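User: Here is a model I would like to go through. Please take its rings and strands in turn.

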Amino acid sequence: MDKDEKRQERDFVRISVRNLVEFILREGDLDNRMGGKTDKDAMLLGARIHRKIQRQMGSSYHAEVPLRITVPCGKLDIVVEGRADGIMDEDGKIVIDEIKGILKELESLEDPVPIHLAQAKCYAYIYGNEKQAREVDVQMTYCQMETEEIKRYRQTFSLEDLEAWFLDLVHQYEKWAVFQIEWRKKRNASIKGVEFPFPYREGQRDLVVSVYRSILRKKKLFIQAPTGVGKTIASIFPSVKAVGEGLAEKIFYLTAKTITRTVAEKAFQTLKDQGLAYKVITLTAKEKICFCGKAECNPDACPYAKGHFDRVNDAVYDMLTHTDDMSRSALEEYARRYDVCPFEMSLDLATWVDAVICDYNYVFDPNAHLKRFFGEGGKKEYLFLIDEAHNLVERGRAMYSAFVCKEDFLEVRRIVQKRDEKFCKALSSCNETLLALKRECDRYAVYESVSHIVVRLMNLMTEAERFMEECGDEEVLEKVRDLYFCVRDFLSIHDRLDENYLIYTEIAEDGRFYVRLFCVNPAVCLSEYLNYGVSTVYFSATLLPIGYYKKLLSTETDDYAVYAHTPFPEENRRVLIGMDVTTRYTRRSKEMYRRFAEYIWKTVKARPGNYIAFFPSYQFLEDVYEEFQNLDEKGEVFCVIQDSGMSEEEREEFLAFFEEERTGSLIGFCVMGGIFSEGIDLTEERLIGTWIVGTGLPQVCLERELLKQFFDEKGMNGFDYAYLYPGMNKVLQAAGRVIRTDTDRGMIYLLDDRFCQNHYRSVFPREWRYVTACRVRDVERETAAFWQDA
């Protein structure tokens, strides 16, 4: 066997230069008072600055040079790779150029940032070793992104010194690489013995096959799966199998709701009970897991932030090598043992585990996404399982939209006007530019471009950076930071603008003036991160119509789609449409509110039990509730009412009423689209019916009207995209609270005559094939008949 064959048999781990130096060489305190500005700089004009400088360097300058080296370490090889910004040959002398765009003034930068210099030294060794050079020059090029002023630092290193430094860096990483290889072998061997943990429900095997096939073919899959199909385990099981077969390396289970994260955790645990070796972590929000009363991540406010980076790698390695339990309690135990921030430690652990359960924003939000996975050097070997995917449309729009408000600049200027003349001048300049736009605005105005604002905002960022470094008044800093982050987000989103955006100005009802960058279709922005995946599976109980979600969540034209068969007996569900009531504004009256109340009253008279009524607004809820009280003069029905500002404890108390045994009826009065209209799981007698008052259509507002206009101009039905589909999703989610298991029975009352129209019924799920129209006089008879057949 020759050397090449032996080399091919050796295990190897691949890591980027940037990830290597940032991981091994980090040290000191956790301090995000400046918002992690080094990373944020790169989000702005960094790439454009790089290209401009590279073009100016002449023909001897080679830009974006890919470099790679394999370092033998014991039983495995470590492959280090990256891309040098520039390499020059100056009369036989090699010069490695590392370019960094910054917002701060260059005068404040006395020496190169150590991490930046370390990256350049890695490239210097790899290239110098390849060319067998005796020494290599490293040039650090810093460019102030607003003025484009440049400052350079240059050092000469012998290859011998670079080699000793680089190999020491790599060997510090060796134990992590060994862990990675050994764990992967153990994990993959265990996956082979795992079987689907339950008898397949009707249609569930087809669902499992569809997920696996989509991963194998590297496709996206949209699954419309009614409640009770078992879509969570049906997506996780084939994904784990695919990881075991080398089709992917890590699973991201993404969701917008805490309760669905718990379901995912249980699904993984069910597989682990069979002997699956799989490390799974659920990322908990910083505010919830913080050991301190307030999440102030700096060494002055938090003892766990002080020296965090000096200890966190040891904490992570200890936990990884001594337990497979990555639960919150286990994480907190190790974090306290090493005196490190539990939230930041959880992000580090996520790098090494096999599955990450988290909110959408950890993957998609440009300000909160996990850069270690979705930045430079991120591995494109992930599986994305997106639960409750219907929520991702509006969440995506919010994540990729931005605004600036004229009055915010005035407020900050008032606070700092006696402290910093240059900063005040920059704030005044922005205010004047926005004032000119405000004078052109009646109520709103749509624009093709606002690039002239960007120049002023870039200058403001420079002055804000300098001010925040010099100012010691925390109260003032907090106000400045709020504006700084808002402007930073605006500039970042401005770089993304394309045909999927609307730019408009608006004078709000309170008189405040806004410039908004509105992401109408988030599909392109979402795809930036989904492209790091091998495959993506979107699933929800209400992913209808499927074409709407395909258009707004994916840029591909050949995505797969599956409509999962429901295991529920059709006779266990009854859907009635109240055709003598409506929530139209023009027909709202005391008489109409009373008729809605009669539907509710007559239902509980015919069949006592636990119910929830969903209303289009809190005001509508109160109006109907008042009429219902008049009908229930003796107080026979126990009522609980959703409040707009309920705490987590109050929500739990609300749901606890449905768990209690009672002889009479319980009615929960709730708002459609609120916290109780999706994600809650009340089985059997805990919930036997729901009244859905109205079609769920969003209120007419400027944003919705602009959405309608946008899609109309694209040749699509704007009303459907802006109002009908989002509204009907709320209806379907609320209706889905009733039937949760294949033994449940219940009734769904759709109380609005518009549900009789074909336009609305076209969005009904297949399971609602038989729907009965009725009037309030029929309710008692229809309800009694359904339950009599039980």
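**Strands and rings**

Analyst: Strand 22 (residues 689–693) and strand 23 run parallel, joined by five bridges. This is a predicted model: local features need pLDDT of at least 70, side-chain atom pairs count only at pLDDT 80 or more, and totals for chains, interfaces and linings use all residues. Residues are numbered from 1 along each chain as its sequence is written, and side-chain values use heavy atoms, without hydrogens and water.

User: How many residues of strand 23 are buried?

Analyst: Buried means under 20% relative accessible area with a 1.4 Å probe, protein chains only. Gly746, Ile748 and Leu750 point one way, Met747, Tyr749 and Leu751 the other, and all are buried. For strand 23 (residues 746–751), the count is six of six.

User: What is the angle between the planes of Phe252 and Phe373?

Analyst: Rings of Phe, Tyr and Trp (its six-membered ring) pair if their centres lie within 6.5 Å; planes under 30 degrees apart are stacked, over 60 edge-to-face, the rest tilted. Phe252 and Phe373 are edge-to-face, with centres 5.2 Å apart and planes at 80 degrees.

User: Why does this pair tie together separate parts of the sequence?

Analyst: Phe252 lies in strand 8 (residues 250–255) and Phe373 in helix 15 (residues 371–374). A helix here is a DSSP run of H or I, at least four residues. The pair therefore ties together parts whose separation in sequence is 121 residues.

Definitions and conventions: Helix = DSSP H or I, 4+ residues; strand = E, 2+ residues; numbered from the N terminus. Buried < 20%, exposed > 50% of the residue type's maximum accessible area, 1.4 Å probe, protein only. Pairing = 2+ DSSP bridges.
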